[in-house]
Amino acid sequence: MGEFTVHRVRFFHYMPSGICAMAFNRRTERLAVARTDGSVELYSRTDHFFQEKVVPGRQQRSIQALCWVGKRLFGAGLSGEIAEFDLDNLRLKFSQDAYGGPIWSIVCNPQGTHLAAGCEDGTVKLFEILEDQIRFERNMGGQKGRIISLAWHSSGTKIAAGMIDMIKVFDLDSGELRSRGSRMQQSQECVVWSVLFLSDIIVSGDSAGKVKMWDVNTGTLIKNHQVTEWDVLTLSVSQDETSLFAGTSEGTVVQFQLLDVVLGQEEKEWVRTRTFKNHTHDVIALAEADTVIISGGMDTQLVVRPLLDKLDFKSRDSSLLKILFPQRSLVSCAKKAGLLLFQYPTHLELWRLGDTEGHGPPGCILPVSRNPEKLLHLKIKGEDHVCCSAVAPCGEWIAYSTTSGIRLYRLQRDNKNVSITKVPKLPKVLRHAHQLCFSPDSSHLYGTTSSAVHVVALTSAGCKFEHSLKPNSCVEPFGNESQEISDGKFLASANSNSEIHIYNMHKLKAHCTVPVYRSGVSAMGIHPETNNLVIVHADHQIFEFSIEQMQYTDWSRRVQKEGLHHVWLERDTPVINVTFNPQNPNHVILHDSYMFCIIDQSLPLPDRKSQFHNQLTLKSLPEAERLKHSHAFKECKLYQPLLCVDMLENQSLVVVERPLLDITTNLPAPVRQKKFAT
Amino acid sequence: MAALYEATTLCVLNVGPGGSDSGISGIEPSADDDQVVVTDSARSVTVYKVSDKKALGSWTVKQGQTVTCPAIYNPQTSEYVVVTDSKVIRVWKDSDINIDRAFKTTVSADVWRVLSVPDSEPLVLFQRGAVRRLDTLLADPQQPVENVLPEEAVIRYKASSRTRWSRDLWRCSKGETLLLMQRRHPDSAARYRLEGGEAPLSCSALPCDGGVRLFCLYSSGSVYESVVPIRGAGGVVEEVQPLPRTLLLNLPVGEGKLESASAVSLDDAHVALVGVPHPSAGPGKDFLCIWNTNFQTLQAAKEMAGRIYGQLWCSCGKLYVPHGKSLSVIPFKCQKSSLAAAMGKLRQAGIPASGLYTSVPSWTAATPDMRSTVRSIASAEEVQKKVSAFLSNLKNLHVIQVAAGGLASVLVSRCQEQPGFYPHSALVQLVHSQCLSYSVCPHLLTLALEKKDYALCQFCLQVFPDIPEAVACSCLKAFLSESDGTLDTVSLERDSVAFVEGLIANSTQEGGETQQNGFCPTTQVEDGGGGPTHTTPAVLTRSSMPLDMKCPVGLHKAVLLNEILQVAYSDCFLLLHLKTLSAPQVILFLQYLQFLYGKYSQDLHTQVSALRSPAMTQILDWICLLVDAHFTVLVMAPEARELLSHLHKVVRLQVKVFSELGKIEGCLQALQKAKQSGDVCQYSIEVIELF
């Protein structure tokens, strides 16, 4: 295969934000996750929790609660506004002030007609959901004490509200207070962080670390479970109300199940059954999705824990899944100039890679003759966070987009000085882009919106809008997920419905579409020489589509016929990037968070029985026998976790690593726990 | 060993103007050991009783006259002699009250010093180098005095030995230091030139076999020794001979040079120094130190408060040091040094000075009186009482070390002289004080062996750090040849006995199968063949060693043998002496060692706790040594065959265990390497190869 010089970069200080709210939509099987930086991510339950969409965050937006109403997603936070997210254009659709101070919780009724918001001023505000807006209907309550948590009874007539030291139950028909819980804790203030309204009882989780079951009508305590010494922050119940979960400040998730007291008899009781400990910090949000329990919290990772009693056989779904890194690339690489552009939420950093004059045997670290250099620290204007960014291959252009606008900069470098000028007069159609990319010769900028691909020509004088490309068959708007450009002739763009459109850039018109596959497109790339489009889906299937012949290539057919190796298919992080080796047209370079892999298309595919990770075996074999044992997938796990792998023009690899330890040391301290012998 | 006892202040100094002069010109011994004559540099002479710190008499010359030489006591006539105004010799007795009324005579030349010579008439040394006997001079005071020294020479030091010697040292104006040695009976003189050229700060002399040993302290901190030969024939040798010198001590001086310092040789191995900094104390502090010139070790040190004048006298086992505003008397004691004791001292010097010199209530009780008491008391019980009282009185560890050593040797020599006398408990107490070492009292252990005092032997073996291999071996022989019956009557230290009891009790348990955690090896593979076995070494040990092996020796013998095992030794010396063991002794000892090894490899010893127990390596080393020493005998002896085959198995097991450990070590090293390479900084360029 050969030797590669690897630039091992660890100075991208990517820091994920903590998870503060979650909502699972059982109908569409989508999970919405809100983070502390105000961004909202959408994961597809059916597609191995593939991250389909990201609504970028905004400064001072804090989301305390998320709520699905049909296919619409509402969120509310401490700014006191209720907002709906536009999941097609990946931005806010509207937001409306509830005029009740910070909102701690929103729920919708089972019928999907009303929203209830729990406010700081102690009122529960009811909103009617209309098309394209919500309308205030009435207030309930209104005494002192903020409303921390809300739960709507399945009949739609009662709402339970968790407050400080008490739980109130409102009757919607009469609009009056039905019952209240007695003071919960004698000695100190007790915050009811979470309530659940089951058909006959109310369950509460509080800051005293207790999960309590209350009688709805009398307001008396039925059962008290001390779960932790710290807080119980969140509760979640299964749809059939037989199993419920509680997330605590210790990072544990505790399961309760409604079980027969005596086998075969009617009487049932909530019994604490299992405890999961997958988090180091507070578990703030929980969602139950049939066979899995999803938890997230301050330690920024999304943990999908399968409930093995609901699974019948071992599959990819039955293993624990931890999602920590973004499933899109935050790094763009100028291959010709050797520059790296790092995308942070509020700024961009441009670095020039170092250089070496040394040569050495494999495994050695070469002396660095020129250190990497930070050329640029570009702060974002406005409060919106960056949603995408790109650097041109020649290194002279930088573009980024927020939900409110696109900015293009021209970068001039002489020996030491770097000067940057903003390019004025960007076309008005190009107000917001999901993806930005430059043509390989850096002469054009392409930006995709939900409906079209816009082409902007770049000259030294400025920029000029050229064309807008729309797919032939496009009827309804769609969110573009990723796009790739080849030698300038073809451009491919994929949306979240896994549709891939290919445009001919010379003729400036749509060329063809690729047959739709059931799983989302996680990465794709067009080969610069052969114009073959390599597509990797979230379920790790790989297709190669010949654009010129408008059909799958022979290699792709062989892959589908022989099947990919089960080790490859069982990987739990999706492939983020596809790139090619300019020296060897047979080499396709893929990477996910924990490995990168060079596929040599000239070699046979691994069959089911062969060893997939065979690098060590091959290393120990004499050179003559290697070829006999080698297969197409050359996997390398030396560097992880990976945020980017790319190949420069001089055939050296760039890997951007983000060590887990650096992330965990930057997290706030977890609650103190007594450990044995400390 | 040498020790300095608690200092007492004899008198207050009459410090001269500017404080550079101590005001004392000399201290000389007086009528008995407890009295000294202290001569003021101005006008007075005082006789002190040292133990009482009391002046017995004081004489002052008239105003206008000065005392120019320290007064001496002439024991032959019980008279004091002093020179005033360089030419007037005055002689008086204790009974004289006024010195002016005493006998005086004027001589024709300036007198430099009057020297007292024991058992003989004092000598008068004139400034120009001539020497006369006092009686002949007094008979004819105006007799002419010849010039021995050249014109420009000045006498700087004088030193006299107790016999017939008188040496003068003078300094030529050319800067050379010349030594003039004058001898009486027959009269002779010789001149020597000291090597180095530089003038010494102070000088002292001691007689030795071939002549006189001269110790000179130089301002660089070096102490040189020169041996001045005695010339058999009389006559005056006029030409100057070179005098070779050898470096005895090179003392740490710090920055600069010594200014006022003084050295006095106490015996052939010890030098007392004042004005030389303590090697581990900070600057600005003055110490009186006793150095051992044989080992170059600091033996004792005492901080002297106040200013030091660089004066030091030694008389009758006491050092006299003027410092600050007082004259201190410090009794000292020099003993023959053993290396073991000498090694220990510098370490102790690190202890803060205040802690080192705790008060000794009565140092007179601790010194020679005690020896004579011990020598004379008849019964052993009395001795024991005295000794315990003595030891309880002494709190200073260092002083005990010296005193206990002396006491023990006195007791031992008395035991050797009087066969009926044997103070067992007193000796035990002395050994228990932890202050003895073998070299301090070499005959104690052999005496104990002779008297079959095995309890004392055990204590000695435990306490002494420096038992020679020959003695250890003779102890071993004695223990092995003694019958178990005799030994069992001896009362030994309880802890060691309990340890062996525990071992033996474990061996008599049912098969010794009790295991922690209920572990019980199910496969007892007999490791007979040479083929590879896959059981763990622990199981193999158990299977190849007979578990029900009985202790081959009696309880008390085992205790004593354990003590031998823990004695420090050097194998090449021990090997020689081990060869003197007889074959049955060797086999018995080997059987015992094998028994111990068996117990140890079953981990049973960890269940028996003891303060002192032989280590596994000690046991294995002794097995190796014994087999080395008696290999041919063992091979030939039929009764040793079984023993040898067992030992062979033991060795094979050990080799196996160690080869496994070696493999583990390799693995661990590889792991460590792998870990080191994982440490990466923010940016690096690496080369990888994919296959």
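Reader: What makes S2(A) and S3(A) a hairpin, and which residue in the turn has a positive phi?

Author: In this predicted model, S2(A) and S3(A) form a hairpin with 4 residues between them, and A:Glu29 in the turn has a positive phi of about 55°. Strands here are DSSP runs (E, at least two residues), numbered from the N terminus, as are helices (H or I, at least four).

Reader: How do you know that strand S2 and S3(A) pair?

Author: Two strands pair if DSSP finds at least two bridges between them; strand S2 (residues 19-25) of chain A and S3(A) have 6 bridges in the antiparallel sense, and therefore meet that condition. Within this pairing, A:Ala23 stands opposite A:Ala32 in S3(A).

Reader: What makes S3(A) and strand S4 of chain A a pair?

Author: S3(A) and strand S4 (residues 40-44) of chain A share 5 bridges, again antiparallel, with A:Ala32 opposite A:Leu42 in S4(A). They form a hairpin with 4 residues between them, and A:Gly38 in that turn has a positive phi of about 90°.

Reader: Why is strand S3 of chain A called largely enclosed?

Author: Buried means under 20% relative accessible area (exposed is over 50%, partly exposed in between; 1.4 Å probe, protein chains only). Because 5 of the 6 residues of strand S3 (residues 30-35) of chain A are buried, the strand is largely enclosed by the rest of the structure.

Reader: On what basis are these values given, and how are residues and chains labelled?

Author: Local features need pLDDT of at least 70 and side-chain atom pairs pLDDT 80 or more, while totals for chains, interfaces and linings use all residues, and side-chain values use heavy atoms without hydrogens or water. Residues are numbered from 1 along each chain as its sequence is written, with chains lettered from A and ligands numbered from 1 in the order in which they are written.
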